[in-house]
Amino acid sequence: MSTLNDRIVRYGELRPCKTAFIDAHTPGSDQKENFTIIGGGVSESPDQHVHIRDTPGFNIGAAGQPPNCRNSLHSHTTAEVFFVLKGRWRFFWGRNGDAGEFIAEEGDIFNIPTGIFRGFENVGTDYGMIMAILGGDDAGGGVTWAPQVIEEARAHGLVLGNNGVLYDTKQGQALPHNVQPMPTLTEEQMKDFPETPVEAVVPRYVARYWDLMALSGKQPAKVIGTDALLKDKPGFEVDFLSRTSLDDSPITPDKHVVLMPMRGHWALRVGDFDTVLNPGDTCLLKPGESYSLAPSMTGEASLYRVTETDDPAGATWSGAA
């Protein structure tokens, strides 16, 4: 039986994988690091370290990249939600990445619509980190790459099998006899991936940090949910807490809860267990596990809280469109 300490992953103890995806050798994308914190995520590499394997109906991960490093265009069948922990990031989408884009600052959150090709790039001046929530216990079963990503990766020695595993031909690896290369999407199939304009994305799927700080002054701000700022039901809800969002009363959730501090230091008490959660830490609480939470120091304090729901993981809720 796991203890609460086993369900806290500290930011400073995160273990990266630099070969997680098909573009790991592609110039401009070859320095990115992938982290799987809760659940196996969508990594295509057997080298990926998973910190907590049990999933609460969704996965938690992260991406770390130095300046000017980008994650190539791909699509998900379930939710992909990012908030910027460190740095300044450009998110872009469309078959060629030119249908729309915006800049996300620290604390901003993006509930990316399913079914569009999306990518992201660190446009800051230092190593950046974005934290991710992926819908479903299997995180949607993997990603679909834009055709040019697969073709460019092959030119740099990486081949993705139709079993979802990467093979590095530069290291002498070959596809097993019963595995074929992952086929690229046809032009007909590409018609199913919309070129969504920016005015249909930013107002409905982006929430800004300082707006959430204002909205959370007296109670947690609902960020993602059926009655939230960003209306969706991806199998989880997200709310945002700041210094005065909660009193010191214990909270007993009936679903799994994940706590993800953004700023400041948060004192967490669960029964007789006391600890402090810091920015970038991730804590998984089980149903029925009563907890109390409060900033442990003066200064700016903010935290994202993710709660499991009974909604099945799937495409972006039509009610958000």
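**A predicted chain of helices and strands**

Threonine 316 lies in the segment that follows β24. The model that contains this residue is predicted: local features require a pLDDT of at least 70, side-chain atom pairs count only at pLDDT 80 or more, and totals for chains, interfaces and linings use all residues. Residues are numbered from 1 along each chain as its sequence is written, and side-chain values use heavy atoms, with hydrogens and water left out.

Threonine 316 counts as buried because its relative accessible area is 18%; buried denotes under 20% relative accessible area, exposed over 50%, and partly exposed the range in between, with a 1.4 Å probe and protein chains only. Apart from neighbours within four places in sequence, threonine 316 is in contact with Ile112, Pro113, Thr114, Tyr205 and Asp232, where contact means heavy atoms within 4.5 Å.

The chain as a whole has four helices and 24 strands. These elements are DSSP runs numbered from the N terminus, helices being H or I of at least four residues and strands E of at least two. A compact globule of 321 residues would have a radius of gyration near 20 Å, and the value of 19 Å for the chain agrees with this; the radius is taken over C-alpha atoms, and the globule rule is 2.2 Å times the number of residues to the power 0.38. Along its principal axes, the C-alpha trace spans about 60 × 45 × 40 Å. Of the 321 residues, 52% are buried. Among contacts with a separation of 6 or more, 72% join residues 24 or more positions apart.

Strand pairing can now be considered. Strands of a sheet pair through backbone hydrogen bonds, either parallel or antiparallel. Two strands are taken to pair if DSSP finds at least two bridges between them.

Within this sheet, β18 (residues 236–242) and β24 (residues 302–308) pair in the antiparallel sense over seven bridges, and phenylalanine 240 stands opposite tyrosine 304 in β24. Strand β18 also pairs with β16, in the antiparallel sense over three bridges; here lysine 222 stands opposite aspartate 239 in β18. Strand β16 (residues 221–225) is mostly covered, with four of its five residues buried. The pairing of β16 with β17 is parallel and comprises two bridges, and isoleucine 224 has leucine 230 in β17 as its bridge partner.

Two further residues lie elsewhere in the chain. Serine 75 has its place in strand β5 (residues 70–75) and counts as buried because its relative accessibility is 4%. Not counting residues up to four places away in sequence, serine 75 touches Gly115, Ile116, Phe117, Arg118, Val143, Thr144 and Phe193. Proline 176 is found in the loop between β14 (166–168) and α2 (187–190), and at 31% relative accessibility this proline counts as partly exposed. The C-alpha atoms of proline 176 and alanine 221 are separated by 50 Å, the two residues being 45 residues apart along the chain.
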